[in-house]
Amino acid sequence: MTPFRDYAGPQDLRAMQALTQHAWSLRSPFHIGNLAWERFEHVGRDPEWPTRLWLDGGAVLAWGWIQAGGHLYFHIDPGRPDLFDVVLAWFETTATGEILTTVVLDNDPDGLARLAGRGYRALGDDHPFALKMSRSLEDLPPIVLPDGFRALSMAQVQNPERRALAHRNAWSRIAGREADPPGRSRVTGESYRQVMAAFPYRPDLDWVIEAPDGRLAANACLWLDTVHGTGLFEPVGTDADFRRMGLAQAVCLSGLHALKAAGARLALVGPRGDEGYPAPRALYGGLGFTAYARDIVHARKRLD
Ligand SMILES: CC(C)(COP(=O)(O)OP(=O)(O)OC[C@H]1O[C@@H](n2cnc3c(N)ncnc32)[C@H](O)[C@@H]1OP(=O)(O)O)[C@@H](O)C(=O)NCCC(=O)NCCS
């Protein structure tokens, strides 16, 4: 049996990222940046998320992370396909939800076949799914800002409380539904501090647009993988008081220029691909991103 241990803290996220970085390809659902952001954007979520690492000595061969009772994030070393059934069996006996879901990309025929072999079926396009989009860092257009607005990186702003407030003001109202009552994001100064402490966060790749009144009106964080020369946007947002002024475009472009200066060759982003939430996809398309793959969400009933 392959040795395993259950997640015990940030050092294990770093070990999971080591596998995800080593095994990353355009068929990977995850990038080291997703893992850092999703694990640390809120404080105190670990007890909700059964997470297990399978190991060979110090090296992680596979990891699984169960979200919201019944959704599996996982990554398996391509050299150890035998661990697929080990990870899935753990998921199916540990998850508490009635319906179990997970994702593979449409460009991964082996992954699709393995899930089908365990009784999972692909959900239709009326179910939310994500696109994988990329853009080379050649030919970046210049950054255009309305008068009085300026682009700053967190190397200049430095303040996690201000940055967290910018995030909350962006994510409290979704695109196109600005008139709805605001929701509440759980991102705080404390949680943003743990994001900033995570590998591979770099303040020079985390950008905001400051409005003339001092509010941080738009924000975009990029996560650089120096091994593959890729940078992932996670997350991007504009305060609902400042929408459709080109600020998301400007903050993303500020990040893309910095990413290029940091030596990356390819930018990545994963907006929704379904018709239920088209605005982010349109934003990135306008910035020159094109889709290279999409999630196929799979589901099966839990067997008791
Ligand atoms: C999506 C979001 C970042 C757009 O911010 P923004 O500053 O208003 O975007 P911009 O003004 O730079 O718009 C750039 C392009 O995005 C697209 N876009 C933006 N908002 C849109 C909307 N409500 N409906 C359709 N397309 C939209 C358009 O193509 C737009 O170009 P155009 O104005 O020339 O038509 C913002 O609505 C937001 O923060 N939403 C909540 C968080 C979120 O969804 N983040 C993205 C997750 S991947």
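This is a predicted model: local features need pLDDT of at least 70, side-chain atom pairs count only at pLDDT 80 or more; totals for chains, interfaces and linings use all residues.
**View 1. Polar atoms facing the ligand oxygens.** Here we look at polar contacts, meaning pairs of N or O atoms within 3.5 Å; within protein, one must be able to donate a hydrogen and the other to accept it, and residues adjacent in sequence count only if both atoms are side-chain atoms. Tyr 277 places a polar side-chain atom 2.6 Å from an oxygen atom of the ligand. Thr 238 takes part through its backbone, with an N or O atom 2.8 Å from a ligand oxygen. Met 245 likewise uses a backbone N or O atom, at 3.3 Å from an oxygen atom of the ligand.

View 2. An automatic or database domain assignment gives domain 1 (4-97) and domain 2 (138-264). Their C-alpha centres lie 27 Å apart. Contact, defined as heavy atoms within 4.5 Å, takes in 19 residues from domain 1 and 21 residues from domain 2. About 1800 Å² is buried between the two domains, and carbon and sulfur atoms give 66% of that area. Buried area is the accessible area (1.4 Å probe) that two parts lose on being put together, summed over both.

**View 3. A closer look at the domain 1 side.** Across this interface there are 7 residue pairs in polar contact, both residues at pLDDT 80 or more. Helix H1 (10-22) and helix H2 (32-40) are the elements that give two or more residues to the side of domain 1 touching domain 2; helices here are DSSP runs (H or I, at least four residues), strands are E runs of at least two, and both are numbered from the N terminus. H2 provides the largest share, 8 residues.

**View 4. Two cis peptide bonds.** Phe 199 and Pro 200 are joined by a cis peptide bond, with omega about -5 degrees. Pro 200 sits in the loop between helix H7 (189-196) and strand E9 (206-210). Another cis peptide bond links Glu 234 to Pro 235, with omega about -5 degrees, and Pro 235 belongs to strand E11 (residues 230-238).

**Notes for all views.** Residues are numbered from 1 along each chain as its sequence is written, and side-chain values use heavy atoms, leaving out hydrogens and water. Local features need pLDDT of at least 70 and side-chain atom pairs count only at pLDDT 80 or more, while totals for chains, interfaces and linings use all residues.
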